[in-house]
Amino acid sequence: MLSHEALFWRRLAHWGASKGPGWFVRYSPPVIGWAAAALVPSARHAVHRNLLRIRGPVSSARDTADILATFANYASCLAEALSNDAEAVPHEPEATIVRREYARAAIGKKRGLVLVTAHTAGWDVLGPLIARDYAMPMLIVMAKERDEGARELQDSKRKRSDVGIVHVGDPLASLSLLRHLKNGGIVALQLDRAARGMRMRKVPLLGEQGEVPEGPLRLAQVSGAPILPVFCARTGFRRYTIEVFEPVSLARQANDAELDRAATALAAAMTTFLRSHPTQWFHFH
């Protein structure tokens with residue numbers, strides 16, 4: 001979405017999520033999401049393209065239903081993230097973690113953790129839940145949003161969840177991330193977001209050639225921390241399923257072929273998740 005559109009919808013969601021009664025927070029976001037689908041054609045077309053990549057062509061009725069479901073999921077997740085400090089709703093989301101043993105194995109190495117995810121439903125809840133369950137502080141690495149107001153609004157909510165924010169472009173960011181990993185923390189990055197100028201690796205993704213950022217691979221290579229692919233799906237009001245995939249490790253001396261294999265494994269995990277949850281990917285660009 002355009003930056004002014006993003007700020008408008010985010011402020012609207014924040015107002016309703018923080019000021020509205022519990023029934024409004026629960027039931028109004030899908031309607032707001034449907035309105036956004038109608039009023040922001042660029043985002044609607046992007047969602048349609050993504051759905052075609054994930055699940056192929058379907059009937060017009062199915063296309064319409066899936067597009068509306070994607071926007072409804074997005075609006076619901078945004079409202080729930082922005083209502084964490086509201087009195088009208090329970091503060092702690094419920095989550096079911098699938099294949100938790102992969103998380104235990106990666107954390108058991110005691111080298112910190114590079115967590116990779118995508119902008120899917122509920123990705124904002126991953127940090128607080130995992131940091132709480134495993135007592136590991138988390139830093140989320142994000143590109144700066146073009147609209148300063150939208151960025152400040154969303155970042156303020158994440159920081160209230162005891163999750164730190166590092167924005168791509170800070171010349172000292174790499175040092176702070178490596179120090180955080182060395183101290184046993186989690187660094188979380190998104191596979192489907194890339195800042196301008198970021199190095200990428202070509203991978204098979206959703207049945208065609210795609211790209212993933214090289215940053216998580218290099219962080220793991222230098223720090224010795226395993227990479228854990230983790231994706232989240234919304235299953236109901238403040239209820240989520242977190243799917244954990246097999247961790248990936250890289251030696252400090254890893255060559256290009258090994259880096260490519262690691263990148264391909266991460267892209268395969270993302271493909272598997274998205275094909276199971278096609279209306280939960282919020283990739284509007």
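**Notes on the predicted model**

1. Leu115 lies in strand S2, which spans residues 113-117; helices (H or I, at least four residues) and strands (E, at least two) are DSSP runs numbered from the N terminus. The model is a predicted one, in which local features need pLDDT of at least 70 and side-chain atom pairs count only at pLDDT 80 or more, while totals for chains, interfaces and linings use all residues. Residues are numbered from 1 along each chain as its sequence is written, and side-chain values use heavy atoms, with hydrogens and water left out.

2. Is Leu115 buried or exposed? Leu115 counts as buried because its relative accessibility is 1%; the term buried means under 20% relative accessible area, exposed means over 50%, and partly exposed lies in between (1.4 Å probe, protein chains only). Leaving aside neighbours within four places in sequence, Leu115 is in contact (heavy atoms within 4.5 Å) with Ile130, Met138, Ile186, Val187, Ala188, Leu189, Leu228 and Val230. Leu115 and Val244 are 129 residues apart along the chain, and their C-alpha atoms are separated by 10.0 Å.

3. Leu126 belongs to helix H7, residues 123-134. With a relative accessible area of 3%, Leu126 is buried. Not counting residues up to four places away in sequence, Leu126 touches Thr117, Ala131, Val230, Cys232 and Ile242. Between Leu126 and Met138 there are 12 residues of sequence separation and a C-alpha to C-alpha distance of 9.8 Å. Val230 is among the contacts of Leu126, and Val230 is likewise among those of Leu115.

4. Gln280 is placed in the segment after H11. Which side of the burial cut-off does Gln280 fall on, buried or exposed? Gln280 has 7% relative accessibility and therefore counts as buried. Apart from neighbours within four places in sequence, the contacts of Gln280 are Asn73, His119, Thr120, Ala121, Ala233 and Arg234.

5. For the chain as a whole, there are 11 helices and 9 strands. Of its 285 residues, 54% count as buried. Among contacts with a separation of 6 or more, 76% come from residues 24 or more positions apart.

6. Helix H3 (residues 29-39) has as its buried residues Pro29, Gly33, Ala36 and Ala37. On the face turned away from the buried side, H3 carries the exposed residues Ala38 and Leu39.

7. Helix packing is the next topic. Two packed helices are described by the angle between their axes and the distance between the axes. The axes of H4 (residues 41-55) and H5 (residues 60-82) come within 10 Å and cross at roughly 115°; axes are lines fitted to C-alpha atoms, for helices over the stretch in contact, and angles run from 0 to 180 degrees between N-to-C directions. H4 is therefore roughly perpendicular to H5, given that angles under 35 degrees count as roughly parallel, over 145 as roughly antiparallel, 65 to 115 as roughly perpendicular and the rest as oblique. From H4, the contact involves Ala43, Arg44, Val47, His48, Leu51 and Arg55, and from H5, Arg62, Asp63, Asp66, Ile67, Thr70 and Phe71. By class, the residues of this contact are 5 nonpolar, 2 polar and 5 charged; Ala, Val, Leu, Ile, Met, Phe, Trp, Tyr, Cys and Pro count as nonpolar, Asp, Glu, Lys and Arg as charged, and the others, Gly among them, as polar.

8. Helix H9 (residues 173-182) and H10 have axes that come within 10 Å and cross at roughly 55°. H9 is therefore oblique to H10. Leu177, Leu178 and Leu181 of H9 make the contact with Leu219, Val222 and Ser223 of H10. The contact of H9 with H10 has 5 nonpolar residues, 1 polar and no charged.

9. What angle do the axes of H10 and H11 make where they cross? The axes of H10 (residues 215-223) and H11 (residues 256-276) cross at roughly 125° and come within 10 Å. H10 and H11 are therefore oblique to each other. In H10, Leu217, Arg218 and Gln221 meet Asp256, Leu259, Ala262, Ala263 and Leu266 of H11. The contact of H10 with H11 comprises 5 nonpolar, 1 polar and 2 charged residues.
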